[in-house]
Amino acid sequence: MTGDRMTVRTALDTLLAGNRRFTAGTPEHPNQDAARRTAIAPAQSPFAVLFGCSDSRLAAEIIFDRGLGDLFVVRTAGHVLGAEVLGSIEYGVSVLGSPLVVVLGHDSCGAVAATRAAVQDGTTATGYVRDVIERVTPSVLAARAAGHTEDTDFIDTHIVHTVDLLMERSRVLADAVEAGTAAVVGLSYRLADGTARLVTVRGLDVPADSHA
């Protein structure tokens, strides 16, 4: 099923069903054969834009049991936003027609841990790593202000903050959500067991399990 045929809810259900197969150890590896490669060569129609952390343990097509042409993936350390990220996500939604945008965070995130250390100890990173830390800092400060101390709560707060920034900074995305043609969700991935938990939702009436 391609992106232009999926509803917002079907796209989310398809993604989460793939994650359940992955965690159960029963992946189907869909759309990974030569026939699929040939079929999508002329054009792509991904059913979801996945904006995730660059962590090497977070390979989107594997943890959601999808294949070629299914996901339009954008990744940065700590899923921090910049103009190029916003443009890529808007391209996925407005040009490719993806109905779902996913912000994917995870536990034991190095970017969040480094930022927590920087805020607590006043340490500074060198080069452009400092820029990553500066962009994660508002999330860490918000989590501390709310009295959070657990890693899960800091990760959830950062995921929610990233979703909020997407909606605030991208008029294209906000308009699509308001029109009901797209939704934005935040997921938190657990490295040990492979599960992806729904943290926050914009544009869909589904319950989220947020600690933020």
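This is a predicted model: local features need pLDDT of at least 70, side-chain atom pairs count only at pLDDT 80 or more; totals for chains, interfaces and linings use all residues.
Asn31 sits in the loop that joins H1 and H2. Its phi is positive, about 60°, although Asn31 is not a glycine.

His29 belongs to the loop between helix H1 (8-24) and helix H2 (34-39). Here too phi is positive in a residue other than glycine, with a value near 50°. The relative accessible area of His29 is 48%, so His29 is classed as partly exposed. As background, most residues other than glycine have a negative phi.

## Leu104 in strand E3

Leu104 is part of strand E3, which covers residues 100-106. With 0% relative accessibility, Leu104 is buried.

Neighbours within four places in sequence aside, Leu104 contacts Leu50, Phe51, Gly52, Cys53, Leu58, Ile63, Phe64, His79, Leu187 and Tyr189.

## Packing of H5 and H6

Two packed helices are described by the angle between their axes and the distance between the axes. For helix H5 (residues 110-121) and H6, the angle is about 75° and the axes are 8 Å apart. The two helices are therefore roughly perpendicular, because the angle lies in the 65 to 115 degree range.

On the H5 side, the contact involves Ala111, Val112, Ala114, Thr115, Arg116, Ala118, Val119 and Gln120. These meet Val132, Ile133, Val136, Thr137, Val140, Leu141 and Arg144 of H6. Sorted by class, the H5 and H6 contact contains 10 nonpolar, 3 polar and 2 charged residues.

## Ala125 between the two helices

Ala125 is located in the loop connecting H5 and H6. Its relative accessible area is 19%, so Ala125 counts as buried; the cut-off for that class is under 20%.

Residues up to four places away in sequence not counted, Ala125 touches Arg130 and Ile133. Ile133 is also one of the H6 residues that meet H5. The C-alpha atom of Ala125 is separated by 9.5 Å from that of Thr115, a residue 10 places away along the chain. Thr115 is in turn among the H5 residues in the contact with H6.

## Packing of H6 and H7

Helix H6 (residues 129-145) packs against helix H7 (residues 151-169) at an angle of about 125°, and their axes are 9 Å apart. That angle makes H6 oblique to H7. The crossing of the pair is right-handed.

H6 contributes Val136, Pro138, Ser139, Val140, Ala142, Ala143 and Arg144 to the contact, and H7 contributes Phe154, Thr157, His158 and His161. By class, the contact holds 6 nonpolar, 4 polar and 1 charged residues.

## Helix H7

H7 is 19 residues in length and spans 27 Å from first to last C-alpha, close to the 27 Å expected at 1.5 Å a residue.

Which residues of H7 are buried? They are Asp153, Phe154, Ile155, Asp156, Thr157, His158, Ile159, Val160, Thr162, Val163, Leu165 and Leu166. Of these buried residues, Phe154, Thr157 and His158 take part in the contact with H6.

Definitions and conventions: Residues are numbered from 1 along each chain as its sequence is written. Side-chain values use heavy atoms; hydrogens and water are left out. Axes are lines fitted to C-alpha atoms, for helices over the stretch in contact, and angles run from 0 to 180 degrees between N-to-C directions. Helices (H or I, at least four residues) and strands (E, at least two) are DSSP runs, numbered from the N terminus. Angles under 35 degrees count as roughly parallel, over 145 as roughly antiparallel, 65 to 115 as roughly perpendicular and the rest as oblique. A crossing is left-handed if the near helix is turned anticlockwise from the far one by less than a right angle, and right-handed if clockwise. Contact means heavy atoms within 4.5 Å. Ala, Val, Leu, Ile, Met, Phe, Trp, Tyr, Cys and Pro count as nonpolar, Asp, Glu, Lys and Arg as charged, and the others, Gly among them, as polar. The expected span of a helix is 1.5 Å times one less than its number of residues. Buried means under 20% relative accessible area, exposed over 50%, partly exposed in between (1.4 Å probe, protein chains only).
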